[in-house]
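Please look through the sequence and the structure shown here, and then follow the explanation below from one region to the next.

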Amino acid sequence: RAAGTPEPTGTEHPFVDVEPGSFYEEAVVWAVANGIATGVTDTHFAPEGICNRAYTVTFLYRAYAE
């Protein structure tokens, strides 16, 4: 939300656990495309997993580091 509500430029992603049409699909695609998130493996994002402090700090660093 800090970046507004940007739309992803595409819908392609490698994650088998991100359901097409889910409420978080566009956010996942946008975060991966912008280098903010990478997933837990090459094919899994774990959208139902816990976002702990370490993940949060990593996301913030990647979003605002220059």
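Predicted model: local features only at pLDDT ≥ 70, side-chain atom pairs only at ≥ 80, totals over all residues.

Thr41 counts as partly exposed, because its relative accessibility is 40%, a value that falls between the limits of 20% and 50%. Thr41 is located in the loop between helix 1 and helix 2. A polar atom of the Thr41 side chain lies 3.0 Å from the backbone nitrogen of His44.

Ala46 lies in the loop between helix 1 and helix 2, and its phi is positive, about 60 degrees, although the residue is not a glycine. Most residues other than glycine have a negative phi. Ala46 is partly exposed, because its relative accessible area is 33%. Pro47 likewise has its place in the loop between helix 1 and helix 2. With a relative accessible area of 24%, Pro47 is partly exposed. When neighbours within four places in sequence are left aside, Pro47 is in contact with Asp17 and Tyr24. Pro47 and Val28 are 19 residues apart in sequence, and the distance between their C-alpha atoms is 8.6 Å.

The segment before helix 1 comes next. Ser22 is found there, and Ser22 is buried because its relative accessible area is 18%, under the limit of 20%. The side chain of Ser22 reaches the backbone oxygen of Glu19 at 2.8 Å.

Glu25 has its place in helix 1, which comprises residues 25-33. Is Glu25 buried or exposed? Its relative accessibility is 15%, and therefore Glu25 counts as buried. The side chain of Glu25 reaches the backbone nitrogen of Gly21 at 2.8 Å. Apart from neighbours within four places in sequence, Glu25 is in contact with Thr11, His13, Val18, Glu19 and Pro20.

A pair of aromatic rings is described by the distance of the centres and the angle of the planes. How many aromatic pairs does the count give? The count comes to three aromatic pairs. In one of them, the ring centres of Phe23 and Tyr24 are 5.1 Å apart and the planes stand at 85 degrees, so this pair is edge-to-face.

Which residues make up the largest nonpolar core? This core has eight residues, namely Phe15, Val18, Tyr24, Val28, Ala31, Ile36, Ala37 and Phe45. Tyr24 is thus a member of the largest nonpolar core and also a partner in the edge-to-face pair with Phe23. Ile36, another member of this core, touches Trp30, Ala31, Phe59, Arg62 and Ala63, not counting residues up to four places away in sequence.

The last feature to consider is empty space. Rolling a probe the size of a water molecule over the atoms shows where empty space is left. About 1100 Å³ of space lies in the largest pocket. The lining of this pocket consists of 33 residues, and those nearest its centre are Ala27, Val28, Ala31, Phe45 and Phe59. Helix 1 and helix 2 each supply at least two residues of the lining. Helix 2 gives the most to the lining of the largest pocket, with seven residues.

Technical notes. Residues numbered from 1 in each chain as written. Heavy atoms only, no water. Core = buried A, V, L, I, M, F, W, Y, C linked by side-chain atoms within 4.5 Å. Buried < 20%, exposed > 50% of the residue type's maximum accessible area, 1.4 Å probe, protein only. Contact = heavy atoms within 4.5 Å. Helix = DSSP H or I, 4+ residues; strand = E, 2+ residues; numbered from the N terminus. Polar contact = N/O pair within 3.5 Å; in protein donor to acceptor, adjacent residues only side chain to side chain. Phe/Tyr/Trp six-rings, centres within 6.5 Å; stacked < 30°, edge-to-face > 60°. 1 Å grid on protein atoms, 1.4 Å probe; cavity = no way out; pocket = protein on both sides within 12 Å on 5 of 7 lines; lining within 4 Å. Points joined across faces, edges and corners; volume = space filled by probe spheres on them.
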